[in-house]
Amino acid sequence: MQDLGRGPANSYESQSSSRGPIRTLVRCAAPRPAQEKKPTDPPAKTDAPKKDDEGPTTLDATIRLRDVDVAQLLEKLQIKMDYKIGGKVTVVASVAVPVASAANTGAYQFSGEVTSPALTFEGLTVRDVAARMVYTNGKLSLTNLSGKIDQPGKFGLAPGSFKGSATMAVTPAGDATANLTIDNIPLGQIARALPGVDLAVSGTVSGKVDLKSQYEKLWDPTVWSGTAVLTSSEIVAEGRTIKDVKFSAALAKGVLTMTEARLTLEGIPVTGEATLGVSDKYPFTAVVRTTGTEVTDLRKLVPEAGFNAAVEGVLETESKVTGTLSPVSFAASGTVTAKKLTLGRSSANHIAAKWALTEDRVTLTDLKADVFGGTITGSADVPFAADKAGKFEVNFKEVDVGLASELVPDPPVRVTGKVTGKVSGAIPPAKAGEPRVGNIALDVTAPKLTVQGIPAERLVGKAALKGKVLEYELEGKTLGGSFELKGRYPGQKKDKAPAGGANDRGSLKVTGIDLSRIATDIGFQSLAPLRGRIDANFDFDNDLSTGSGRVAITGVRWGNELLAREVTGVLVMRDGVVDLSDFAGRVAGGELRARARVYVSDPRRNFFSVALSRVDAKQMLALAGADAADLIDGPMTLVARGRLGGETRVSGSLSLPRGSVAGVAVTDLVVPFEVSTAPGGYGRLSVQNAVINAGNGRVQPTLTVDWGYGGMRVDGRIRFINVPIAAVAPQLGENALLGSGRITGRFDLGGQNVRSAADLTGNLVAVLNNTSVREIPVLRQVTPFLNPAGLVKPFQSGDVRGSLSNGVFRIDRLALANPTAQVFAEGTITTTGRIDLTVVAHTGTIGPSTRGLRLFGLRLPLIGPVPVGLIRDVSDFLSNRTVRLTVTGTTSNPVVRVNVGALLREEAVRFFLSRYVVPAGAAEVLGLGGLGALGASDDK
């Protein structure tokens, strides 16, 4: 043997090569006594004493296998597997083969290390694999077994790892065992090692695994047995988050059984048990229970539904699932109960049902739900497979469909109101090469139903489900007319929609809406006399990107009076925005022009503008009632613009170049206004900086009206600046003696919980200049009883004060004076026109009686009530120098009577005495204006 060697005389080295990077270095040693063997040499078996002249008893070798392809190695070893294993390994080992027992592999001994930079198991890659090997007495032991698995797509995180040991009885064949401790093993990578399994899972798992098998059947998982205890802080599977996972499992006879499983799925505690076959199709069974105790966001359980609004509640379920992982197949059934449900803005809902799920269909039975303020019952059998048939039926009662539609993403039809009815349909098998078509029937009734904002008494329709597209046709009765709505959901974008199809566009047609029904159905009873007809048509793309149409209102009447023969407009929609343009026509003798814009997805941005030019004010205001019709007369122009939505804000102006307001002749009337409303019936009308020209004078009204909870509140002020009384009472004519009087002052107006004019309160303070008695309507009938000598000239000064309360205007003081005559009046006038006035008039000179009046004046207190004795003395003193009258009846037909014996009132006494004895300064304190100064120089 020395002739074969290249080394020392006592050994030789041989390097041989075969296919593959395998290098073998063999060193053979001469026979050595047993006691001379190194401790590291493998022990040699001796069946009989050896003689000194015998040859070598063992063959020692060092074997190095570098970068051996595992797949090729398994192929050469004729180990057939359906499981894909790849990578390269390096083995360094010391081998001792007894020469006498070379045919017995159980007598071999070797020790060394096996390493691999990366091994693949199907799609799983395990890096830095290493183990210490010892083979003796036919048994292979692996110690310090370790490896790493990278976290997918996450840099900087420590990889998952495993450590452990394994043993295999090779000769004779016996048991194989393994004990592993795993730390943060990525489940997403483990799933890739399961052939045919497509499972979106992430997260890590840690724990301990013990396995046992038979060496001869090592590649057969059905003979494995073992236990595992695994935990995970968080796992995400198919988009669902699972936390606080802990389960124990046992493997026996090819079945992995989970004996304890606890986890929290999207905030819901889950318990259960399951089994998984580890070979063939990987069959599994599982029983899962949830026992919800807290309200959770249930949208996370079904993220594919894409709910727009909140879905929260307490969920309790029990489900049983069976199936296989390769290929994926399953069948599931169970019960579900959801309590304390919040669905969008609807709370305190409850749902209970039984369900079953397979690969080709889902069935729902015993559905009972108290949701959206009503009840729903029904069942469904919905196939997934195109060649299967199905059906469904849902009955509902008093369900608020407006609340329910909040959960539907981009609903094709906006419906509000509480509905009662039924939805049913059949789902036939699809025809070859065509999408599935399902037929749906709808029958709904509701007292306050609206469809796309249109009130509807009844809604019937049909629909066809073609693939994932719903084509619908709805018909409804509304406001004495009807409407038809057609379309598809979800709508296809223009670049994806098929060209030329009959159902490429949706349509809305409204026919014969009766304007008279608006008053009764919407609640504006004051509009009851309104008559007319509305017709409209509108075609739109099903994705609501574009659309066009027209609207026409014909035969508009107020009672029997024609307001407009026809008003028409154009509707255009672009990207969910609807424009009403060119809405115009002749209305009440004038021109109407209006435009509006409606944002389908954001009603808060809706706005409009309207202009009514030179319309007959009487005709237009008749819409507000007979009283309003008499308020303004003349060619009126109204301009308004505003936003309509949850809150409404309108601003504009009312103008009248020439006409009358409440019978008062005016010119250049301009009344700017603002109106705002809020949900709940709250609103405000504000009039500021209004200007009304009357004669050469001016009226400036301001007004604020608030309404809502607690009734109506009114706060206003009207200023009169040098307004001719002839303008206030134009029926007096152009008499030279009567046409020069003017009034300057203000009227403060207010009221709480105002339901009619009787609830208003007010105060009038005004000064009268160059005024005749005949210019004041309530005093015109008094002039025949007065001395004409005192009425030759108008009264140079005067004033009026009064207050309004409970529908009665009380005149506290109406005083007129000139150097030769005085008139004083007080009393009441109701808002219905009833009069009760007391008038005292004195004309001509006083003569020698002036000094007597001065003596009475010395007894007149500046502040406080006038003594009764003084009132009696002055009344007696003036009894033959004054005329005392009582005016009753109505403002349109007053009745005047002479009252001979009546005492003067306190205000009348002050008025007459102040002309002769009260200094100008004191008159101001007494609130008599300039009247005291007028008589202070009259000392004749």
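The model is predicted, so local features need pLDDT of at least 70, side-chain atom pairs count only at pLDDT 80 or more, and totals for chains, interfaces and linings use all residues. Residues are numbered from 1 along each chain as its sequence is written, and side-chain values use heavy atoms, with hydrogens and water left out.

- T324 sits in strand β17 (residues 311-325); strands here are DSSP runs of E, at least two residues, numbered from the N terminus.
- With 14% relative accessibility, T324 counts as buried (under 20% relative accessible area, 1.4 Å probe, protein chains only).
- The side chain of T324 has a polar contact of 2.7 Å with the side chain of S329 (a pair of N or O atoms within 3.5 Å; within protein, one must be able to donate a hydrogen and the other to accept it, and residues adjacent in sequence count only if both atoms are side-chain atoms).
- A polar atom of that T324 side chain also lies 2.6 Å from the backbone oxygen of P327.
- Leaving aside neighbours within four places in sequence, T324 is in contact (heavy atoms within 4.5 Å) with K281, Y282, P283, F284 and S329.

**Strand β4 and its partners**

- Strand β4 (residues 85-98) is largely enclosed by the rest of the structure, because 10 of its 14 residues are buried.
- β4 pairs (at least two DSSP bridges between the strands) with strand β3 (residues 58-69) in the antiparallel sense, over 10 bridges.
- In that pairing, P98 of β4 stands opposite T58.
- β4 also pairs with strand β5 (residues 109-121), again antiparallel, over 11 bridges.
- Here A93 has G112 in β5 as its bridge partner.

Technical notes. Helices (H or I, at least four residues) and strands (E, at least two) are DSSP runs, numbered from the N terminus. Buried means under 20% relative accessible area, exposed over 50%, partly exposed in between (1.4 Å probe, protein chains only).
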